[in-house]
Amino acid sequence: MSREDVTIGIDVGTTAVKAVAADENGRVVARARIPHQLRVPEPDQLEHDADEAWRQGPVVALHRVTEAGAGRVRAVAVASMVPSMTAVDAAGRPLTPGLLYGDSRGRVVDAPEQPVPAVGEAAEFLRWTAAQAPDAAGYWPAPAVANHALAGQPVIDFATAITSLPLFDGAGWNAAECAQRGAGTEQMPRVETFGAPISHLHGDAQNTAVLATGAIDALCEQIVAGADQDGDVLVLCGTTLIVWTTISAARQVPGLWTIPHTAPGKSMIGGASNAGGMFLGWVDRVVAQADPMSCDPRRVPVWLPYIRGERTPFHDPDRRALLDGVDLTHDAAALRRAAYEASGFVVRQMLELSGAPVRRIIASGGGTRLQPWMQAIADVTGRPVQLSAVAEGAALGAAFLARMAVGLESVITDAGRWARVEHVVEPRPDWVGPTKDRYRRFLELSRSRLV
């Protein structure tokens, strides 16, 4: 591959579509960010304008990156959050809101109590969407809409399909389960393994640029983060906070998820929390501007960050936020610091629940550029936090999968060579003790609010 050749990864995220063009060494030569609105019609609902975010956004992001002089594009792949769902017409244009993870329209009613939530959120999304648009040509998640817009093919990857259980049973779309929600298997997207060629891109005059199957955003971030050894902790700092610890053998812990690692023979334990950018963005809007790095280590209140329920480890959509211990001496800086600490407390809680020894912490995602957030994670855990050099980790991982589709890579674990640490945030000794005390209070408050 010549120095001018690149592959492009596109990440359809909660607040924006991000795209990067990367060379064979994982060096980002061009990037783009196309914001879109995150709609909250009700406190327990979360949606996109699917036409804006899933169909138009990826097309505009690709155009921006190529116009930036990225070089000759060999292949493109799309990463996306899960689950999601919209109805589309025959031209692939969305007809209904794009439902997102945690939306109450995906809630499984009367599900049996389990250590982790029952599968079925995507299935309930389908039920609601099919009822709204019973004559739709298709019912597609975000990557299918994006891939159709880019190359005319509504394709999703196997991992995204698996999150649709029981609609997708591992071998294909289950006709009976789909029919129970008002859909036929012919209305569901095609499923391919990640890193597979799908089609040629629209508008490619030379007909040489290939659209490849991408993957779930968290998986794409993981493959280029370098968190492959036992005890490596990957903290994904996006709208959702995700914590994965690499372990040598799969095991179950109540409240946590255990999933396969891309490294052979290894697993990851942890899960997703709402104590990420969504919570911190809300605090940013309602608390006066101030520098959270400037407050007294001993004078910080305690937030419970459950502004819209909590996923891991409680799996309780009805939890709500709480600010504890506020008095007249606290200012905006202290409240903001408390919010960042709350996110760090969730990281520490998942690490302790997993019971896995921690070797190192690697942070990836757009939130790594928020110094107070990264400092709080370091202070709360008492460990250095290594920041990935590329904030758009999901898009970078998708760019690597695009290389696989055109034969430039053959083994997904080789993506580890793209992992680079830009900076290390060290815990501050004068903060470690006070945050430890507040963490104990955080646990007490969390347990007291168990239903």
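A residue is called buried when its relative accessible area is under 20%. Please keep that cut-off in mind, and also that this is a predicted model.

Now the rings. A search of the whole structure finds 9 aromatic pairs. One of them is Phe 168 with Trp 173, an edge-to-face pair with 5.3 Å from centre to centre and 75° between the planes. Phe 168 and Trp 173 are both buried. They also belong to one aromatic cluster, together with Phe 158.

The next pair is Phe 400 with Trp 418. Which geometry does this pair have, stacked or edge-to-face? The ring centres are 5.2 Å apart and the planes stand at 90°. Over 60 degrees counts as edge-to-face, so that is what we call this pair.

Where do these two residues sit? Phe 400 is in helix H10, residues 393-405, while Trp 418 is in the loop between H10 and strand S21, residues 421-425. The pair therefore ties together parts that are 18 residues apart in sequence.

Are they buried or exposed? Phe 400 has a relative accessible area of 0%, so it is buried. Trp 418 has 2% relative accessibility, so it counts as buried too.

Last, charges over rings. Arg 105 lies over the face of Trp 128, 4.8 Å from the ring centre. Arg 337 lies over the face of Trp 431, and there the distance to the ring centre is 4.0 Å.

That is the end of my part.

Methods
Residues are numbered from 1 along each chain as its sequence is written. This is a predicted model: local features need pLDDT of at least 70, side-chain atom pairs count only at pLDDT 80 or more; totals for chains, interfaces and linings use all residues. Side-chain values use heavy atoms; hydrogens and water are left out. Rings of Phe, Tyr and Trp (its six-membered ring) pair if their centres lie within 6.5 Å; planes under 30 degrees apart count as stacked, over 60 as edge-to-face and the rest as tilted. Buried means under 20% relative accessible area, exposed over 50%, partly exposed in between (1.4 Å probe, protein chains only). Helices (H or I, at least four residues) and strands (E, at least two) are DSSP runs, numbered from the N terminus. A charge sits over a ring if NZ of Lys or CZ of Arg is within 6 Å of the ring centre and within 35 degrees of the ring normal.
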